[in-house]
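Hi,

Here is the structure I promised to pass on to you. Please open it next to this email, and then read on for what turned up.

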Amino acid sequence: MFTGLVEKCGTVVSQEKHDSGTRLILEARFDSLVIGESIAVNGVCLTLLPAPTGQLAFDVSPETLRATSLGALALGDGVHLERALRASDRLGGHYVTGHVDRAAEIQCITQQGEYTEVTVAGFNASDRRYLCPKGSVTLDGVSLTINAVTDDAITVMLIPHTLLKTTLSTWFVGQRINVEFDYIARVLVHQLGSLSDSTIIPLFDKPNKGIEVPL
């Protein structure tokens, strides 16, 4: 589990193709890393492999390459890195699993003084169930607040601190980025979707005495 608060930015050193997947090598320094631990790379949960000091190595499966934008990384590209959440950590962002739901495309970037407004498009009707104004979304591993939702797009506002501490200032129109919907919203939609109308209505009405409300 992660929070969507970027700890460091790493740099792509190599992408070595093997067995239909890719060995991703990054340049980044962390203290006390443990081989096998989970690290979110641009919002994608990957397993750390042995590597020389100052480098991080990960195997990226064919399914991950298909579902995310990691396969499009080039040498020298910057990536967001976050180690897994500890039980004692502050939860400054929101619950992030590192399991990307889809890749979407940056449609528009507009400067508003020191702030940057970004529109991300490519969502469908099913996706919109998890997207709401002032709700949370993870874009390339960064926890952000949704400002507006349209038929197929969302708009977020990037503050100066986020632009300084991440690679989001390098985003460009047409770029594909990783999207993870809010975990709690996804669970609620799934659970409510399994209930019939006759079950949902009693949940919101005050029950009469002697009537059992389904849980």
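Let me start with a question: is Phe181 buried or exposed? Phe181 is buried, because its relative accessible area is 3%, and buried means under 20% relative accessible area, exposed over 50% and partly exposed in between, computed with a 1.4 Å probe on protein chains only.

Two notes before you explore. This is a predicted model, in which local features need pLDDT of at least 70 and side-chain atom pairs count only at pLDDT 80 or more, while totals for chains, interfaces and linings use all residues. Residues are numbered from 1 along each chain as its sequence is written, and side-chain values use heavy atoms, with hydrogens and water left out.

**The aromatic rings**

The structure holds 2 aromatic pairs. Rings of Phe, Tyr and Trp (its six-membered ring) pair if their centres lie within 6.5 Å; planes under 30 degrees apart count as stacked, over 60 as edge-to-face and the rest as tilted. Phe123 and Phe181 make a tilted pair, with 6.3 Å from centre to centre and 50 degrees between the planes. Phe123 lies in the loop between strand S8 (115-121) and S9, and Phe181 in strand S12, so this pair ties together parts that are 58 residues apart in sequence. Helices (H or I, at least four residues) and strands (E, at least two) are DSSP runs, numbered from the N terminus.

Tyr130 and Phe181 form a stacked pair, because their ring centres are 5.2 Å apart and their planes stand at 25 degrees. This pair also links distant parts of the chain, with Tyr130 in the loop between S8 and S9 and Phe181 in strand S12, 51 residues apart. Tyr130 counts as buried, at 15% relative accessibility, and Phe123 is buried too. Together, the ring pairs link Phe123, Tyr130 and Phe181 into a cluster.

Another ring to look at is that of Phe30: the charged end of Lys8 sits over this ring, 5.4 Å from its centre. The cut-offs here are NZ of Lys or CZ of Arg within 6 Å of the ring centre and within 35 degrees of the ring normal.

**The strands**

Next, follow the order S1-S2-S5-S4-S3-S6: these 6 strands make a closed barrel with antiparallel pairing. Two strands pair if DSSP finds at least two bridges between them.

S10 and S11 form a hairpin with 3 residues between them, and Val149 stands opposite Ile154 in S11.

Where is Thr167? Thr167 is in the loop between helix H2 (160-165) and strand S12 (176-181). It counts as buried, at 16% relative accessibility. Leaving aside neighbours within four places in sequence, Thr167 is in contact (heavy atoms within 4.5 Å) with Cys9, Gly78, Val79 and His80.

Finally, the structure holds 0 disulfides (pairs of cysteine sulfur atoms within 2.5 Å). Cys108 is partly exposed at 33%, and Cys132 is partly exposed at 41%.

Enjoy exploring!
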